[in-house]
Amino acid sequence: MVADNEDSVTPPTEGKSTSTKAAKKQAKEALKAAKKAEYKAAAGQAANNAGDNSEDSSKGRYGIAEVIMSKDKYEDRHFVAIANLGQYTGKSAIWLRGRVHTSRAKGKQCFLILRQQSSTVQCILSVGDDTSKQMVKFAGNIHKESIVDIQAKAVAVPSKIESCTEQNLELAIQQLFVVSQAKAQLPLQIEDASRPDNLDDTDALNTRVNQDTRLDNRVLDLRTPANQAIFRLEAGVCRLFRDILTEKGFTEIHTPKIISAASEGGANVFTVSYFKDSAYLAQSPQLYKQMAIAADFDKVFTVGAVFRAEDSNTHRHLTEFVGLDLEMAFKYHYHEVLHTIGDTFTAMFKGLRDLYALEIEAVRQQFNVEPFKFLEPSLVLKFSDGVAMLREAGIETGDEEDLSTPNEKMLGRLVKAKYDTDFYILDKFPLAIRPFYTMPDPNNPVYSNSYDMFMRGEEILSGAQRIHDAEFLTERAKHHGIDINKIAAYIESFRFGCPPHAGGGIGLERVVMLYLGLDNIRKTSMFPRDPKRLTP
């Protein structure tokens with residue numbers, strides 16, 4: 001019977017074995033989930049005991065705001081600039097919008113630095129009757145560079161807050177809303193990008209942001225106080241250029257940037273497809289300024305983009321830059337124009353010194369340079385005098401040879417040592433190194449009625465008396481190998497009578513770079529273009 005019973009026992013099938021294993025696995029997972037739930041419940045109880053999940057007394061007065069889609073106007077909110085906070089100290093609450101420069105939660109307090117461009121102010125939240133622990137925690141977790149709206153009261157402080165531009169007050173936050181949240185991880189830190197360029201200071205922090213990282217993340221880099229100041233001053237150069245020349249009777253004009261022939265001659269032009277033909281991006285507005293003079297505008301200037309297809313990866317070259325150009329009819333001698341331009345520069349330098357002192361100081365905080373020096377009236381030297389000064393210093397250069405960059409800088413140092421000026425004019429350049437439309441010197445055909453102007457030993461303007469006789473202009477164009485058919489309209493404009501005239505072209509970015517004593521033109525171009533950079 002035993003044997004029969006044993007024989008009657010049905011062995012477990014493979015399927016039943018699998019079901020048993022699955023059941024055991026499910027039971028194990030259920031036990032694990034139960035323990036997890038128990039742990040969470042215990043953690044929640046502990047949090048309640050600690051007050052983390054207590055009623056939020058600040059609910060509705062902080063958080064992530066809805067995306068602004070112009071749904072509401074909130075006209076009751078009176079927004080104030082950080083720079084104007086002094087007049088609101090001890091008064092009713094006001095609203096501000098700015099970026100979170102830094103935030104630091106410490107115990108039951110959170111210290112937050114709010115930034116508007118280059119202005120900063122310390123803000124504080126403390127747990128109390130009107131401010132919940134949740135609100136303080138929220139403030140401490142806001143990502144750097146996020147844009148926030150805050151309602152706060154300006155409160156005087158007993159000791160200066162050295163880390164902010166507003167040092168005599170702080171803001172006691174009542175409401176706080178994130179308007180636009182920045183990424184948690186930024187490709188560069190504003191503090192690092194703003195550090196003084198004291199390479200010789202062994203005690204300074206060594207964290208540096210290199211140029212490519214800055215330019216690859218230009219939107220962030222432009223937020224530093226120095227960069228904010230550089231481009232405000234650059235706007236000032238344009239404003240002064242326009243105002244000074246307008247006061248002198250000049251008319252602003254706008255010239256084409258797509259042209260049929262290279263305006264300066266040579267091969268350094270960008271060729272573009274123009275329907276079934278080819279065209280070029282203008283190297284300068286030169287031809288059109290002259291045509292405006294022929295059209296009796298007498299004195300003209302223009303501000304606009306200039307393109308140079310030069311494969312130059314130097315500290316001072318760009319493939320696209322802003323040109324400040326002017327042209328002016330004169331009576332008998334091109335020095336009438338030369339001195340007008342010199343006086344314009346002097347007035348610009350004085351305007352920058354007097355109106356942009358704060359911006360200049362902000363730049364100097366990061367890039368410590370010597371103040372710019374100039375004479376009134378401007379110093380004018382002949383090209384041959386400059387060559388003689390170089391030779392006296394032991395540097396050989398040809399009489400009809402253009403100045404190399406090292407020789408320009410050396411001459412700038414020699415002029416500064418002798419005349420104590422960072423700005424000077426070099427007159428009477430060799431004809432062989434100037435464009436086809438340059439008027440030769442009537443007393444010496446080797447030279448020309450042309451000039452360059454220099455700042456800190458680098459050229460920032462090239463100009464000359466232009467040939468205003470159609471036949472002579474044709475002869476010179478052929479000499480330079482220029483296709484007459486492509487500049488026919490330009491030459492024809494001088495067949496209807498044209499006054500003698502001269503002018504020059506200035507590179508805006510180079511002027512700002514050299515005025516501030518910066519080491520690279522990419523620092524003064526908001527989104528620079530060079531042979532290796534086409535973005536952002």
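Biologist: Which residue is the bridge partner of Ile 258 in β10?
Modeller: This is a predicted model, numbered from 1 along each chain as its sequence is written. Local features need pLDDT of at least 70, side-chain atom pairs count only at pLDDT 80 or more, totals for chains, interfaces and linings use all residues, and side-chain values use heavy atoms, without hydrogens and water. Strands β8 (residues 258-259) and β10 (residues 277-281) run antiparallel and share 2 bridges; strands are DSSP E runs of at least two residues, helices H or I runs of at least four, numbered from the N terminus, and two strands pair if DSSP finds at least two bridges between them. Across from Ile 258, the partner in β10 is Leu 281.

Biologist: In the hairpin of β9 and β10, which residue takes a positive phi?
Modeller: Strand β9 (residues 271-274) runs antiparallel to β10, and 4 bridges join the two. One of the bridge pairs sets Val 272 against Ala 279. There are 2 residues between the strands, and the residue with a positive phi, near 55 degrees, is Phe 275.

Biologist: How many helices and strands are there in the protein, and what percentage of its residues is buried?
Modeller: Let's take the whole protein. Its elements come to 15 helices and 17 strands. Buried means under 20% relative accessible area, exposed over 50%, and partly exposed in between (1.4 Å probe, protein chains only). Of the 536 residues, the buried share is 45%.

Biologist: Which strands stand at the edges of the open sheet of 8 strands?
Modeller: Reading across the sheet, the order is β7-β11-β12-β17-β16-β15-β14-β13, with mixed pairing. An edge strand here has a single partner, so one of its sides is left without a neighbour in the sheet. The two edge strands are β7 (251-252) and β13 (379-382).

Biologist: With which side chains does the side chain of Arg 115 make a polar contact?
Modeller: Arg 115 lies in strand β3 (residues 109-116), and it counts as buried because its relative accessibility is 5%. Leaving aside neighbours within four places in sequence, its contacts include Ile 82, Gly 98, Thr 120 and Arg 223. A polar contact is a pair of N or O atoms within 3.5 Å; within protein, one must be able to donate a hydrogen and the other to accept it, and residues adjacent in sequence count only if both atoms are side-chain atoms. At 2.8 Å the side chain of Arg 115 meets that of His 101, and another polar contact of 2.8 Å joins it to Glu 145.

Biologist: Is helix α3 largely enclosed or exposed, and which elements cover its buried residues?
Modeller: Helix α3 (residues 133-140) has 6 of its 8 residues buried, so it is largely enclosed by the rest of the structure. Those residues are Gln 134, Met 135, Val 136, Phe 138, Ala 139 and Gly 140. What covers them includes β1, β2, β3, β4 (119-126) and β6 (169-180).

Biologist: How many disulfides are there, and how far from Cys 164 is the nearest cysteine sulfur?
Modeller: A disulfide is a pair of cysteine sulfur atoms within 2.5 Å, and the count is 0. For Cys 110, which is buried at 0% relative accessibility, the nearest cysteine sulfur is that of Cys 123, 9.3 Å away. Cys 164 is buried too, with a relative accessible area of 4%. Its nearest cysteine sulfur also belongs to Cys 123, at 8.2 Å.

Biologist: What distance separates the C-alpha atoms of Gly 90 and Ala 156?
Modeller: Gly 90 is in the loop between β1 (62-64) and β2 (94-106), and it counts as exposed because its relative accessible area is 68%. Ala 156 is 66 residues away along the chain, yet the C-alpha separation is 7.2 Å.

How values were computed:
Contact means heavy atoms within 4.5 Å.
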